[in-house]
Amino acid sequence: MKKRLKAAKEKIQAREPFGELVVHEEGNELHLMRGDDRFARLIPTDREDIWRLEVFRNLERWECLEFQGTLDECLDFLAENGHYRFWNG
């Protein structure tokens with residue numbers, strides 16, 4: 001699992017516009033942050049290379065989206081849906 005998280009973390013930070021964000025490992029999850037503010041997390045599923053995406057809604061609680069996909073698909077979804085982002089990108 002650690003190898004999977006490390007590879008995913010490196011891929012996120014190498015991709016525009018996510019490079020400026022902090023990617024923090026918490027257990028088996030990856031939290032995308034701007035400064036200390038978490039706004040999204042990626043949780044690996046039982047299926048190889050498939051992640052579940054959750055967003056931190058209104059900075060109050062995590063909200064599970066009905067979205068699962070590869071890491072690239074999750075990042076594309078965040079990049080294309082600005083209302084789920086809490087950073088300028």
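How many salt bridges does a search of the whole structure find? Seven, counting a salt bridge as a side-chain nitrogen of Lys or Arg within 4 Å of a carboxyl oxygen of Asp or Glu. Hi everyone, let me walk you through some of them.

A quick word on the ground rules. This is a predicted model, where local features need pLDDT of at least 70 and side-chain atom pairs count only at pLDDT 80 or more, while totals for chains, interfaces and linings use all residues. Residues are numbered from 1 along each chain as its sequence is written, and side-chain values use heavy atoms, with hydrogens and water left out.

Asp 72 and Lys 11 form a salt bridge, with 3.0 Å between the closest N and O atoms. That pair links distant parts of the chain, since Asp 72 is in helix α2 (residues 71-80) and Lys 11 is in helix α1 (residues 2-14), 61 residues apart. Helices here are DSSP runs of H or I with at least four residues, strands are runs of E with at least two, and both are numbered from the N terminus.

How open are these two? Asp 72 has 30% relative accessibility and counts as partly exposed; Lys 11, at 38%, is partly exposed too. For the cut-offs, buried is under 20% relative accessible area, exposed is over 50%, and partly exposed is in between, using a 1.4 Å probe and protein chains only.

Now over to the strands, and please find Arg 41. Its salt bridge with Glu 29 has the closest N and O atoms 3.4 Å apart. Arg 41 lies in strand β3 (residues 37-44) and Glu 29 in strand β2 (residues 29-34), so this pair ties together parts twelve residues apart in sequence. Arg 41 also forms a salt bridge with Glu 54, and there the closest N and O atoms are 2.5 Å apart. Glu 54 sits in strand β4 (residues 51-57), 13 residues from Arg 41.

One last stop: Arg 4. Its charged end sits over the ring of Trp 51, 5.0 Å from the ring centre. That label requires NZ of Lys or CZ of Arg within 6 Å of the ring centre and within 35 degrees of the ring normal.
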